Amino acid sequence: MKIVESTNIKEKAYFEKLENGLNIIIIPKANTKKKYIMWGTNFGSIDNRFIMPQTNEEVFIPDGVAHFLEHKMFEQKNGRNSLDVLMALGLDANAYTTNDHTAYLFECSSDKFYEGLDELMDYVQNPYFTDENVEKEKGIIGQEIKMYDDDPGFQLYLNTMDCLYHKNAVKLDIAGTIESISEINPDVLYKCYNTFYHPSNMTMVVCGDFKPEDLLEEIKKRLIPKENQGEIKRIYEIEEDSINMSKKEVNMEVSTPIFMIGIKDKVPSSEEAVKRHIAIEIILNMLIGKSSDLYKDLYNSGDLLAEPDMDYEFTKQYAHVLIGGQSKNPELIYEKVKKEIENFKKDGLNEEDFNRLKRKIYGDYVVEYNNVSYIARMFLADNFKGINSFDYIEKFNNVTKEFAEQILNEVFKEDKMALSIVRPK
Amino acid sequence: MNYKKEDYKNGITFHKINTNKFKTNLFAIFLTTKLDRENVTKNALLTAVLRRGTKKLTSQEEISKALENMYGASFDCGVEKTGDNHVMKFYLESINNEFLPSEENLSKECLEILLDIVFTPYLEDGKFKQEYVDGEKENLKQIIQGKIDNKAKYAYDRCVEEMYKNEPYGLYKYGYIEDLEKIDAQNLYEYYLEMIKNVKIDIFVSGNLDDKIINELKESKIIEDLKERNANFNINKENEIKPQVEEPKTITESMQINQVKLIIGLDVLDNRKESKYATSVYNVILGGSANSKMFQNVREKASLAYTAGSNYLRQKDNVFVKCGIDIPNFDKALEIIKEQLKQMEDGDFTEEDIENAKTIIDASVGSITESQDSEITYYFSQELSDEVVSIEEYIKKINEVTKEQIVEIAKKIQINTIYFLKD
């Protein structure tokens with residue numbers, strides 16, 4: 001196993017790639033009772049067209065299959081539901097689907113970890129889809145889609161994506177639509193399962209009080225042998241650099257308008273992603289974070305109630321900056337943010353602010369290591385982006401003011417910005 | 001025992017939790033008062049005004065800058081209802097010195113800032129700064145109005161409000177807009193002075209910290225100056241036995257939504273301390289897990305709901321059933337839920353269900369020590385209920401619960417209020 005250490009935070013991660021292609025990452029954490037395991041596949045909502053390596057057949061799938069598959073994985077041939085089995089063991093089990101991956105996980109605070117591992121590795125390796133159980137799921141997922149239709153925050157986000165992207169599937173609901181899921185059948189699910197749930201397309205991350213070598217053996221024991229598989233060719237729509245539209249507004253049941261500003265970025269390479277991410281976080285904090293002049297203004301005028309949420313989201317298929325919050329006057333915030341960006345570009349970044357916020361961002365990364373679930377989630381999501389999470393701590397000092405200024409000019413461009421608003425009815 | 005408590009002066013208590021599980025230290029100050037209509041809005045506003053500035057760091061911007069410089073120490077505050085008490089909570093979390101890229105001592109500095117925020121607020125002309133009070137009044141107004149934004153939470157809050165109409169627990173923790181209008185910088189500061197003299201004060205430190213941190217606390221001038229007090233709060237010991245309800249209250253409200261939210265408030269007609277363990281197990285079998293009756297029979301088998309579960313409000317002897325249901329199905333869902341309650345009374349559940357429920361509770365109680373905040377909350381709730389039950393004892397008592405006890409509890413559970421939020 002390859003061992004990577006972060007001396008600043010005194011943690012180690014063990015990396016192993018098995019012969020069948022499965023990536024395993026173990027982050028041992030002494031002194032903690034909780035253990036967290038995630039088994040993820042690099043298959044998310046945006047993977048809707050691909051060539052199956054076994055047959056060379058090109059497959060188009062309806063929107064929402066990755067998420068549908070996630071729901072259906074729990075159902076077993078013997079009539080049991082693996083989620084129930086794990087819960088009955090006192091394990092906090094769950095699964096989720098994002099744009100670029102699907103993950104199955106559980107958290108264990110007792111001595112039942114290996115019983116849980118039996119079940120997890122059994123159900124993820126043994127799909128069971130029938131016409132009947134697929135039909136039944138459509139009702140449940142239909143409810144879930146409707147629930148999100150009611151959720152102003154979720155609609156706000158989707159509308160931002162709709163503004164930024166012409167074709168990229170990130171603009172679609174991960175769960176699909178009532179119409180798209182109606183087309184799902186066992187055949188589609190098996191095709192996707194056989195392609196994307198091959199070990200060579202999967203990563204397992206475990207965090208907790210383990211001896212890595214012993215745990216690795218336990219995992220290997222439970223793997224079902226599978227023939228090696230070639231690379232999955234994924235076909236994505238070509239996305240233009242420009243944005244789709246600069247504004248989208250809807251009315252929903254909210255008390256105060258909520259807004260999200262999006263800035264479309266080019267997809268960063270895995271090598272530059274971490275530094276770019278750190279620089280963007282520092283810039284965002286300088287721009288509209290708690291101690292910024294702009295935030296102070298907007299807070300005092302009552303236009304912002306709290307620090308906006310600031311984020312840089314990226315995968316291998318898209319990248320964007322997001323600033324979101326609640327305000328009586330979203331347009332004003334948008335105008336002021338744009339103006340402040342211009343001021344920053346003109347005057348350069350203030351050195352004292354830059355250094356202070358760099359310290360803050362360092363602290364934010366360290367705090368992530370408080371919790372086995374954050375650690376595992378971080379390593380899994382980063383792994384699918386081709387990143388080792390420790391780089392956020394280790395590359396930290398390489399982010400200079402000059403580099404941040406370069407990123408500021410490269411990323412924070414007015415013609416790449418859009419505004420999404422949800423207003424009260 | 002990794003937990004130590006020291007009564008410093010009457011009404012002022014220090015709590016120290018030793019733990020090496022985290023990269024951070026967490027400091028917390030809790031101010032506890034009785035929950036009542038007169039003060040609930042003031043407390044909510046006061047908490048927000050205090051974070052605006054201290055004598056030394058006179059604005060939020062200065063506070064933020066100081067915290068950012070301390071590697072992003074994070075401050076948080078808020079108000080909570082804990083039984084019939086209203087608690088103003090102030091937290092500061094900072095990286096433990098061990099994990100900083102250079103040698104610095106953050107913990108003492110952190111504690112000082114936190115004490116300053118609570119006990120030496122920024123004043124102008126002998127009162128709170130007008131601008132801060134006005135700004136926070138506006139913010140709080142928006143928070144109170146924002147109650148409707150999270151539909152599931154709103155439905156739950158409304159059900160509690162209806163169940164506890166004209167009682168303290170029915171109060172909204174952020175208060176009321178009509179009361180907010182009567183508060184100004186002068187009367188809020190007068191209230192603060194009076195409150196700080198009588199309030200119950202609990203100070204928590206959690207992390208890999210030396211015992212000398214408590215001495216540093218005692219040496220602080222601010223702490224020295226605090227006088228002993230007969231703290232005015234409610235001990236969450238034993239509630240009175242709730243009266244039998246003849247006919248459950250049904251409340252239906254409309255809002256534009258695609259999914260009905262159904263909340264059923266249940267009373268537990270038993271106030272014995274020991275019964276609480278059986279009620280916990282009852283709740284998990286009914287709706288506390290993916291194996292529960294609610295999840296299995298309402299969500300999975302009948303495909304009626306996306307969310308279906310229950311929670312147990314220990315301090316008030318209530319269980320709440322919560323569902324999100326497709327609009328045409330809500331009568332059917334209610335019927336199936338009532339059937340689940342009946343099955344609980346009839347003992348229509350297995351030994352395996354009981355074991356599963358116990359395992360789930362053990363895991364959740366066992367993991368309290370895995371979060372600094374939840375460990376503080378655990379010891380604080382004991383402080384308020386005047387009992388000391390270690391986590392090990394708690395788990396032991398859960399494991400002693402028998403089927404007979406659960407059925408006995410089930411028979412003492414009655415529907416108090418049915419709340420629908422629909423289109």
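**View 1. Three strands of chain A form an open sheet in the order 6-5-10.** The model shown here and in the other views is predicted. The pairing in this sheet is antiparallel. Two strands lie at the edges: strand 6 (58-60) and strand 10 (233-234) of chain A. Each of these pairs on one side only. Strands of a sheet pair through backbone hydrogen bonds, and they can do so parallel or antiparallel. Look next at strand 5 (residues 49-51) of chain A, which is joined to strand 10 of chain A by two bridges. These two strands run antiparallel.

**View 2. Chain A is divided into two domains.** Domain 1 covers 2-234, and domain 2 covers 247-424. Their centres, taken over C-alpha atoms, are separated by 28 Å. Where the domains meet, 53 residues of domain 1 of chain A are in contact with 42 residues of domain 2 of chain A. About 3,700 Å² is buried between them. Carbon and sulfur atoms give 72% of that area. Three residues stand out on the domain 1 side: A:Ile9, A:Leu156 and A:Leu164. They supply 16% of the area that domain 1 of chain A buries against domain 2 of chain A, more than any other three residues.

**View 3. One salt bridge links the two domains of chain A.** A:Asp162 forms a salt bridge with A:Lys248. The closest N and O atoms of this pair are 2.7 Å apart. Across the interface of domain 1 and domain 2 of chain A there are also 13 residue pairs in polar contact, counting pairs with both residues at pLDDT 80 or more. Several elements of domain 1 of chain A supply at least two residues each to the side that touches domain 2, among them strand 1 (2-6), strand 4 (35-41) and helix 5 (152-164). Helix 5 of chain A gives the largest share, eleven residues. By class, this side of domain 1 of chain A has 22 nonpolar, 19 polar and twelve charged residues.

**View 4. Chain B also has a domain 1 and a domain 2.** Domain 1 of chain B spans 3-225, and domain 2 of chain B spans 249-422. Their C-alpha centres lie 30 Å apart. The contact takes 38 residues from domain 1 of chain B and 32 residues from domain 2 of chain B. The area buried between these domains is about 3,100 Å². Of this, 68% comes from carbon and sulfur atoms.

**View 5. Six salt bridges run between the domains of chain B.** One salt bridge to look for joins the side chains of B:Asp84 and B:Lys316, at 3.0 Å from N to O. Between domain 1 and domain 2 of chain B, eleven residue pairs are in polar contact, with both residues at pLDDT 80 or more. Elements that give two or more residues to the domain 1 side include strand 3 (24-34), strand 5 (85-95) and helix 5 (151-163) of chain B. The largest share of this side, ten residues, comes from helix 5 of chain B. The classes here are 19 nonpolar, eleven polar and eight charged residues.

**View 6. Chain A meets chain B.** In this contact, 53 residues of chain A touch 57 residues of chain B. The two chains bury about 5,100 Å² between them, and 48% of it is on carbon and sulfur atoms. In chain A, A:Gln143, A:Glu253 and A:Arg359 lose the most area to chain B. Together they make up 13% of what that side buries.

**View 7. Four salt bridges span chain A and chain B.** A salt bridge joins the side chains of A:Lys296 and B:Glu61, at 3.1 Å from N to O. Helix 2 (82-88), helix 4 (131-149), helix 10 (293-300) and helix 12 (351-367) of chain A are the elements that give two or more residues to the side of chain A that touches chain B. Helix 12 of chain A provides the largest share, ten residues. What classes make up this side of chain A? It has 15 nonpolar, 15 polar and 23 charged residues.

Key:
Residues are numbered from 1 along each chain as its sequence is written. Chains are lettered from A and ligands numbered from 1 in the order in which they are written. This is a predicted model: local features need pLDDT of at least 70, side-chain atom pairs count only at pLDDT 80 or more; totals for chains, interfaces and linings use all residues. Side-chain values use heavy atoms; hydrogens and water are left out. Contact means heavy atoms within 4.5 Å. Buried area is the accessible area (1.4 Å probe) that two parts lose on being put together, summed over both. Helices (H or I, at least four residues) and strands (E, at least two) are DSSP runs, numbered from the N terminus. Ala, Val, Leu, Ile, Met, Phe, Trp, Tyr, Cys and Pro count as nonpolar, Asp, Glu, Lys and Arg as charged, and the others, Gly among them, as polar. Domain bounds come from an automatic or database domain assignment. A polar contact is a pair of N or O atoms within 3.5 Å; within protein, one must be able to donate a hydrogen and the other to accept it, and residues adjacent in sequence count only if both atoms are side-chain atoms. Two strands pair if DSSP finds at least two bridges between them.
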